[in-house]
Number of protein chains: 2
Amino acid sequence: MAAPRTLEQRKRDALDRLKNDVDAWVATAERGNGTPYLVPLSFLWEGATLLIATPTSSPTGRNLRATGRVRIGIGSTRDVVVIEGTVDALPAGEISDDLGDAFAAKTGFDPRQLSSYTYFRVRLRRLQAWREENELEDRELMRGGRWLVPD
Amino acid sequence: MAAPRTLEQRKRDALDRLKNDVDAWVATAERGNGTPYLVPLSFLWEGATLLIATPTSSPTGRNLRATGRVRIGIGSTRDVVVIEGTVDALPAGEISDDLGDAFAAKTGFDPRQLSSYTYFRVRLRRLQAWREENELEDRELMRGGRWLVPD
């Protein structure tokens, strides 16, 4: 097992993943009965927020509109970034041309060309990053929407 | 993009992942407010059910006991197996020696040696498997706990 990374290194690695990874595991839930949903989706990192898109009537789309809550896993299971966030729905017609183009270039699909898709902007509340067990302590790099680690 | 696999091939590939992959993304949710939780956990495939273990008081442990529902993602985001299941809690003291040993050998950790862990047995209700977009149709290989595809 490699030595644990410094917090600063973990933050740099997490930001690299946010910029360069294409896909994430997106977990949402129904209100009421505690039914979880999980699906891989492509994303665009906007510098401080994360943009995803899904069919408006899909379970993920319905859950995000109903609860405004998401938890996202990025990376492999032994080198993860886990995010808790709140989401705002952005109808495809409200996305700027530049942002729509950037999303399509990064993800390889363009929800503006598809019917009944909604974009969701994820505002990060909490971010954790760890590789192996020796990094579980100190895995929290952001809390309450604020980085705990300087750049 | 590769040609879509046959259903039979997808089932074989899914079973291979269940047997050989070590880690999965495990999604659960709180009752009531629709707060999702997501964490990577190691698992053991028992032939028809899947065994995981987590600290009894962790969010995943609490959610599993409260809701009995789980959704699990295995594989990379472009070669996935997604499972919906119901769970039964198995206190560490109720695990047979053989099963506990098999779990420890597969996952590299032995919850019997740790305090306050609970095993959970996942009974599969639904299983989907796909790689790229051209496999989204026909991604459902199991429904209502029954394979839709012969061996």
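## Terms and model

A residue counts as buried under 20% relative accessible area, as exposed over 50%, and as partly exposed in between. The structure described here is a predicted model.

## Two residues with positive phi

Most residues other than glycine have a negative phi. D138(A) is not a glycine, yet its phi is positive, at about 65 degrees. This residue sits in the loop between β7 and β8 (140-143) of chain A. Its relative accessibility is 48%, so D138(A) counts as partly exposed.

S116(A) also has a positive phi, near 65 degrees, and is a residue other than glycine. S116(A) is found in the loop that lies between α3 (97-107) and β7 (117-130) of chain A. With a relative accessible area of 55%, S116(A) is exposed.

## Fold and dimensions

Chain A contains three helices and nine strands. Read from the N terminus, the order of its elements is α-β-β-β-β-α-β-β-α-β-β-β. The radius of gyration of chain A is 16 Å, close to the 15 Å given by the globule rule for 151 residues, so the chain is as compact as a globular protein of that length.

The C-alpha trace of chain A spans about 50 × 40 × 25 Å along its principal axes. Of contacts in chain A between residues at least 6 apart in sequence, 63% join residues at least 24 apart.

## Surface and charge

Of the 151 residues of chain A, 52% count as buried. The accessible surface of the chain is about 7000 Å², and carbon and sulfur atoms account for 46% of it.

Methods
Residues are numbered from 1 along each chain as its sequence is written. Chains are lettered from A and ligands numbered from 1 in the order in which they are written. This is a predicted model: local features need pLDDT of at least 70, side-chain atom pairs count only at pLDDT 80 or more; totals for chains, interfaces and linings use all residues. Side-chain values use heavy atoms; hydrogens and water are left out. Helices (H or I, at least four residues) and strands (E, at least two) are DSSP runs, numbered from the N terminus. The radius of gyration is taken over C-alpha atoms; the globule rule is 2.2 Å times the number of residues to the power 0.38. Buried means under 20% relative accessible area, exposed over 50%, partly exposed in between (1.4 Å probe, protein chains only). Contact means heavy atoms within 4.5 Å. Accessible areas come from the Shrake-Rupley method with a 1.4 Å probe; for residues, only the protein chains shown count as cover.
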